[in-house]
Amino acid sequence: MTLPQQKPIEYPTSDGAPLGETDVHREQIVDLIHALQVYFADNDRAYVSGDLLMFYEEGNPYKHRSPDVLVTLGIPKKLRDNYKIWEEGKAPDFIIEVTSKTTRVEDLGEKKGLYAVLGVQEYLIFDPLRDYLVPNFRAWRLEGGDYVPVVGERFNSEALGLEFRIMTDRLRVFRPDGTMLATAFEAEQRTQQLEAEVAALRRRLEEGR
């Protein structure tokens with residue numbers, strides 16, 4: 001007697017939720033992902049993503065979360081449909097949630113507890129609209145299986161070797177030398193400025209012939 005073959009388990013690629021509940025939340029998430037992707041661009045074993053379904057229980061497609069920003073070191077840099085912890089061999093090293101009053105209970109409770117159990121080394125939440133956090137970001141580092149709060153106006157990430165701090169109500173990322181990583185908009189502005197300067201130089205050279 002031949003037993004019927006089981007259908008392979010399908011893990012979805014979206015939970016239907018939008019990327020950020022306001023423009024401010026969405027732009028902050030995009031800015032952080034861009035800055036971190038550029039910083040780790042030359043590291044083939046650093047994966048940066050966000051708003052990606054992360055499955056944490058093999059065989060159960062309902063057990064997932066979607067971190068706003070995640071960084072995992074030691075796994076290949078490639079495009080993924082989703083993030084299965086058992087396939088990657090580890091949970092992300094670093095997670096940021098851009099929080100609000102509607103997600104505060106989950107961000108401070110269930111997610112925080114789950115990320116600790118999964119082994120996420122550092123967890124940071126940022127409240128861009130100051131809905132409930134004063135100061136408007138908090139960070140924890142995993143020690144002995146539990147999260148220990150990191151107190152201060154800046155957060156030095158031991159996992160990433162970067163610093164996070166608030167600048168004009170935005171969470172910004174700083175290199176070890178103290179320079180700030182650019183957002184996508186800032187990077188485009190700099191490119192346009194450089195192109196304009198190069199064009200002006202070419203005109204002067206042509207006029208001087």
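Me: How many salt bridges does the structure hold?
Reply: The structure holds 15 salt bridges. A salt bridge here is a side-chain nitrogen of Lys or Arg within 4 Å of a carboxyl oxygen of Asp or Glu. This is a predicted model, where local features need pLDDT of at least 70 and side-chain atom pairs count only at pLDDT 80 or more, while totals for chains, interfaces and linings use all residues. Residues are numbered from 1 along each chain as its sequence is written, and side-chain values use heavy atoms, with hydrogens and water left out.

Me: What does Glu110 form a salt bridge with?
Reply: Arg65, with the closest N and O atoms 3.0 Å apart. Glu110 lies in helix α4 (residues 110-118) and Arg65 in strand β3 (residues 64-65), so the pair ties together parts 45 residues apart in sequence. Helices (H or I, at least four residues) and strands (E, at least two) are DSSP runs, numbered from the N terminus.

Me: And how accessible is Glu110?
Reply: Glu110 is partly exposed, at 34% relative accessible area. Buried means under 20%, exposed over 50%, and partly exposed in between (1.4 Å probe, protein chains only).

Me: Next, Arg80 and Glu88: buried or exposed?
Reply: Both are buried. They form a salt bridge, with the closest N and O atoms 2.8 Å apart.

Me: What about Asp93 and Lys90?
Reply: Their side chains meet in a salt bridge, 3.0 Å from N to O. Asp93 counts as buried at 12%, while Lys90 is partly exposed at 27%.

Me: Which residues are linked in a network?
Reply: Glu27, Asp31 and Arg170 are linked by salt bridges.

Me: Switching to the sheet. What's the strand order?
Reply: β1-β4-β6-β7-β8-β9, an open sheet of 6 strands with mixed pairing. Two strands pair if DSSP finds at least two bridges between them.

Me: Which strands stand at the edges?
Reply: β1 (46-49) and β9 (146-150). Each has a single partner strand, so one side of each is left without a neighbour in the sheet. The twist averages 15 degrees from one strand to the next.

Me: How do β1 and β4 pair?
Reply: Antiparallel, over 4 bridges, with β4 spanning residues 69-73. Tyr47 stands opposite Thr72 in β4.

Me: Which helix packs on the sheet?
Reply: Helix α1 (residues 23-39), touching β1, β4, β6 (94-98) and β7 (122-126). Contact means heavy atoms within 4.5 Å.

Me: What angle does α1 make with β4?
Reply: About 20 degrees between their directions. Axes are lines fitted to C-alpha atoms, for helices over the stretch in contact, and angles run from 0 to 180 degrees between N-to-C directions.
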